[in-house]
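Me: I'd like to learn how to read a model like this one, feature by feature. Could you walk me through it?

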Amino acid sequence: MYYKLNGVTQRLAGSAPSAYSPQADSLGGSQLTLSPLGSTLFIVCGLRVTVPMEAPPMIFATPTKYVSEAGNTVEYLGHNKVPDLQKLFQKSDGIPVHLKRGLMDKMLYRTTMGLTIGGTLYCLMALYIAAQPRK
């Protein structure tokens, strides 16, 4: 299997056999090796180590138009959720902000409060046991 270094995550990913074509130099053949320090892919040419010349492709969100085509504004894929969330959080219905998004917020809040109270009780119990004299 062949590997290619992802420039964004800095990790190795499997790729097609045509991803690398190591070039031989005057010292002999080339081989692909993995460095144990940082999992970087190097092409070893005899005694000299070189880094592959190709730049990794960008994989994060790209504009739908190039900047030169779009002018001053750039349109991105996806829906802007900020106005919807502003309406939700600014509604005055008596519910605290940290509970306004529904069931998952309530479960997270209750779990956090339960762990906090349980941890406090456990600390007090440990202090009580530690304060007792040994027999």
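Reply: Happy to; we will go through confidence, fold, surface and a charged pair in turn. Keep in mind that this is a predicted model.

Me: How should I read the confidence, and where is it lowest and highest in the protein chain?

Reply: Start with the average, then look at individual elements. The protein chain has a mean pLDDT of 74, and 55% of the residues score at least 70. Confidence is highest in helix H3 (residues 103-131), with a mean of 97, and lowest in strand S3 (residues 30-34), with a mean of 49. Residues 24-31 have a pLDDT below 50, and this stretch makes 18 contacts in the model beyond near neighbours in sequence.

Me: Which secondary-structure pattern does the protein chain follow?

Reply: Count the elements, then read their order. There are three helices and five strands in the protein chain, and along the sequence they run β-β-β-β-β-α-α-α. Among contacts with a separation of 6 or more, 17% join residues 24 or more positions apart.

Me: What does UniProt list for residues 108-131?

Reply: A record can be set beside the coordinates. The unreviewed UniProt entry lists residues 108-131 as "transmembrane region". In the model this span is 100% helix and 0% strand, and its end C-alpha atoms are 34 Å apart.

Me: How much of the protein chain counts as buried?

Reply: Look at the whole chain before single residues. Of its 135 residues, 8% count as buried. The accessible surface of the protein chain is about 11,700 Å², with 62% belonging to carbon and sulfur atoms.

Me: Which residues make the nonpolar surface patch?

Reply: Here you look for nonpolar side chains grouped on the surface. Tyr109, Met113, Ile117, Leu121, Leu124 and Leu127 make a patch of about 600 Å². Take Leu127 as an example: this residue lies in helix H3.

Me: Is Leu127 buried or exposed?

Reply: Leu127 is exposed because its relative accessible area is 57%, and the cut-off for exposed is over 50%.

Me: How many salt bridges does the structure hold, and how do I read the partners?

Reply: Check the distance, then the accessibility of each side chain. The structure holds one salt bridge. Lys100 pairs with Asp93, and their closest N and O atoms are 3.4 Å apart. Lys100 counts as buried, at 13% relative accessibility, whereas Asp93 is partly exposed, at 40%.

Technical notes
Residues are numbered from 1 along each chain as its sequence is written. This is a predicted model: local features need pLDDT of at least 70, side-chain atom pairs count only at pLDDT 80 or more; totals for chains, interfaces and linings use all residues. Side-chain values use heavy atoms; hydrogens and water are left out. UniProt positions are given in the numbering used here, feature names are shortened, and annotations may be inferred rather than shown by experiment. Helices (H or I, at least four residues) and strands (E, at least two) are DSSP runs, numbered from the N terminus. pLDDT is the predictor's confidence in each residue, from 0 to 100. Contact means heavy atoms within 4.5 Å. Patches are made of residues with over 30% relative accessible area and no salt bridge: like charges are joined within 9 Å, nonpolar side chains (Val, Leu, Ile, Met, Phe, Trp, Tyr) within 5 Å. Accessible areas come from the Shrake-Rupley method with a 1.4 Å probe; for residues, only the protein chains shown count as cover. A salt bridge is a side-chain nitrogen of Lys or Arg within 4 Å of a carboxyl oxygen of Asp or Glu. Buried means under 20% relative accessible area, exposed over 50%, partly exposed in between (1.4 Å probe, protein chains only).
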